[in-house]
Amino acid sequence: MLHAVLSAATEGGETHSPVIPESYDIIWSSVCFIIILIFFWKYVLPRVQKLLDERGEAIEGNIAKADEAQRKAEAALEEYTAQLADARAEAGRIRETARDDGKKIVAEAKDAATVEAARVTASAQAQIEAERQSALVSLRSEVGTLAIDLASGVIGESLSDDAKATAVVDRFLADLEASEVAAGGKK
C-alpha cells in the first residue's frame with residue numbers, strides 16, 4: 001500500500017518531500033521571524049538590558065554599602081578596642097595610685113601611732129618620776145621621823161631641833177644610798 005501511494009504521487013509529476021517545507025512557507029516564516037526579531041531587538045531587549053543594568057547597579061550599591069558598613073564596623077571595633085585598652089590602663093593607674101595612697105595612709109598612721117606611743121610613754125615616765133620623787137620625799141620624811149624617834153629612844157634625849165634632825169637624816173640616807181650603790185656594783 002505504501003508503494004501505491006508513492007507511485008501515485010510520482011505519477012502526478014510532483015515530487016514533494018514531507019520533510020522540506022515549501023518555499024512560500026520558508027519566506028513567510030522568515031518574514032515573521034524578522035518582524036519578531038526586530039520587535040525584540042527594539043523594545044524587549046533594551047527593557048531587559050535596562051532592568052539588568054538597574055539590578056546590577058542595585059547589587060553594586062548594596063555591595064558598596066556593605067563594604068562601607070564593614071569599614072565602619074572595623075573602625076568601631078578598633079575604637080572600642082582602643083577605648084578598652086585606655087580604660088584598662090586607667091584602671092591600672094587608679095589601682096597603683098590607690099595602693100600608693102594606702103601605703104602612705106598606713107605609714108602616716110604608723111608614724112602617728114609611734115608619736116602617740118612616745119608621747120604616752122614620756123607622759124607615763126614623767127608621772128612615774130614625779131610619783132617616785134613624791135614617794136622618795138615622803139619616805140625620807142617617814143624614815144627621818146622614825147630615825148629621830150629611834151635615835152631619841154637610844155640616846156634618851158629628845159632630838160627636837162629640826163635642822164639637826166634633817167641633817168642627820170639626810171646624812172643617814174646618803175650613807176644608805178652609797179652602801180646600796182656599792183652593794184649593786186659588787187653584784
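**View 1. Arg-71 and Glu-68 form a salt bridge, with their closest N and O atoms 2.7 Å apart.** This is a predicted model, in which local features need pLDDT of at least 70, side-chain atom pairs count only at pLDDT 80 or more, and totals for chains, interfaces and linings use all residues. Residues are numbered from 1 along each chain as its sequence is written, and side-chain values use heavy atoms, with hydrogens and water left out. A salt bridge here is a side-chain nitrogen of Lys or Arg within 4 Å of a carboxyl oxygen of Asp or Glu. By this rule the count is 5 salt bridges. Arg-71 and Glu-68 are 3 residues apart in helix α2, so about one helical turn separates them. Arg-71 is partly exposed, at 48% relative accessibility. Glu-68 is also partly exposed, with a relative accessible area of 34%. (Buried means under 20% relative accessible area, exposed over 50%, and partly exposed in between, with a 1.4 Å probe and protein chains only.)

**View 2. Arg-119 forms a salt bridge with Glu-116.** Their closest N and O atoms are 2.4 Å apart. The two residues, Arg-119 and Glu-116, sit 3 residues apart in helix α2, so about one helical turn lies between them. Arg-119 counts as partly exposed at 49% relative accessibility. Glu-116 is partly exposed at 38%.

**View 3. Glu-129 and Arg-132 meet through their side chains in a salt bridge.** The N to O distance is 3.4 Å. Again the spacing is 3 residues in helix α2, so Glu-129 and Arg-132 are separated by about one helical turn. Glu-129 is partly exposed at 37% relative accessibility. Arg-132 is partly exposed at 48%.

**View 4. Phe-39, Phe-40 and Tyr-43 form one aromatic cluster.** The structure holds 2 aromatic pairs. Phe-39 and Phe-40 pair edge-to-face, 6.1 Å centre to centre with 85 degrees between the planes. Phe-39 and Tyr-43 make a tilted pair, at 5.5 Å and 45 degrees. (Rings of Phe, Tyr and Trp, the last by its six-membered ring, pair if their centres lie within 6.5 Å; planes under 30 degrees apart count as stacked, over 60 as edge-to-face and the rest as tilted.) Phe-39 and Tyr-43 are 4 residues apart in helix α2, so about one helical turn separates them. Phe-39 is partly exposed at 43% relative accessibility. Phe-40 is partly exposed at 43%.

**View 5. Tyr-24, Ile-27, Trp-28, Val-31 and Ile-35 make a nonpolar surface patch of about 570 Å².** Patches are made of residues with over 30% relative accessible area and no salt bridge; like charges are joined within 9 Å, nonpolar side chains (Val, Leu, Ile, Met, Phe, Trp, Tyr) within 5 Å. Areas come from the Shrake-Rupley method with a 1.4 Å probe, and for residues only the protein chains shown count as cover. Ile-35 lies in helix α2, residues 23–155. Ile-35 is exposed, at 54% relative accessibility.

**View 6. Asp-53, Glu-54, Glu-57 and Glu-60 gather in a surface patch of negative charge.** Lys and Arg count as positive, Asp and Glu as negative; His and the chain ends are not counted. The place of a charge is NZ of Lys, CZ of Arg, CG of Asp or CD of Glu. Glu-60 lies in helix α2. Glu-60 is exposed, with a relative accessible area of 58%.

**View 7. The protein chain has 3 helices and 0 strands.** (Helices are DSSP runs of H or I with at least four residues, strands are runs of E with at least two, and both are numbered from the N terminus.) Of its 187 residues, 4% count as buried.
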